[in-house]
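Let's explore a protein model together, one question at a time.

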Amino acid sequence: MKIDTSKWSGEGTFTQLLLDRMRQLEAIAFVRVEDAPATRSEADYNFVSNEIFVGFASASRTERVRRFGFLPASRTVVEKAMTIGALDAALAALPDVGTADYADEGMLQYLRTERIVPPYQTRGYKLVELVRVYEASAIQTS
């Protein structure tokens, strides 16, 4: 699997966890991670927004068809190894990832929050991490 993190700052522990779990899936051909423009920081909270673009592997096969009902011909059919729905099911089966907070046929969305209290402060801040997973175009493997 190819991973492109050139447009990602590296912020987001849940984003890193998703990348580590996606590495284990054979049906994923490439992953690109980017910082979303909604990322911002205030005194009481940090909002980290990342986007993950996933390209699924695909395989082509030739099938025989008849044109006009009597002319024999063949055509190439490209089938993806996985869909966003199947990726949602695979990630939901992992206990440290769980189900997506929002899912449809084109996107998965995860929202994670945690309270961080540094040792030198009495008052901490809230870290909100939003990760969206989109499907990119497929890469042909055979």
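**Getting to know the model**

Q: In which strand is glutamine 109 found?
A: This is a predicted model, where local features need pLDDT of at least 70, side-chain atom pairs count only at pLDDT 80 or more, and totals for chains, interfaces and linings use all residues. Residues are numbered from 1 along each chain as its sequence is written, and side-chain values use heavy atoms, with hydrogens and water left out. Helices (H or I, at least four residues) and strands (E, at least two) are DSSP runs, numbered from the N terminus. Glutamine 109 lies within residues 107–116, which form strand S7.

Q: Is glutamine 109 buried or exposed?
A: Buried means under 20% relative accessible area, exposed over 50%, and partly exposed in between (1.4 Å probe, protein chains only). The relative accessibility of glutamine 109 is 19%, so this residue counts as buried.

Q: Which residue's side chain makes a polar contact with the side chain of glutamine 109?
A: A polar contact is a pair of N or O atoms within 3.5 Å; within protein, one must be able to donate a hydrogen and the other to accept it, and residues adjacent in sequence count only if both atoms are side-chain atoms. Here the two side chains are joined at 2.9 Å, and the partner of glutamine 109 is arginine 132.

Q: Which residues does threonine 76 contact, leaving aside neighbours within four places in sequence?
A: Threonine 76 sits in strand S5 (residues 71–80). With a relative accessible area of 55%, threonine 76 is exposed. Contact means heavy atoms within 4.5 Å, and the partners of threonine 76 are Ser60, Arg61 and Thr62.

Q: Is phenylalanine 68 buried or exposed?
A: Phenylalanine 68 is in the loop between S4 and S5, and its phi is near 60 degrees, a positive value in a residue other than glycine. Most residues other than glycine have a negative phi. Because its relative accessible area is 73%, phenylalanine 68 is exposed.
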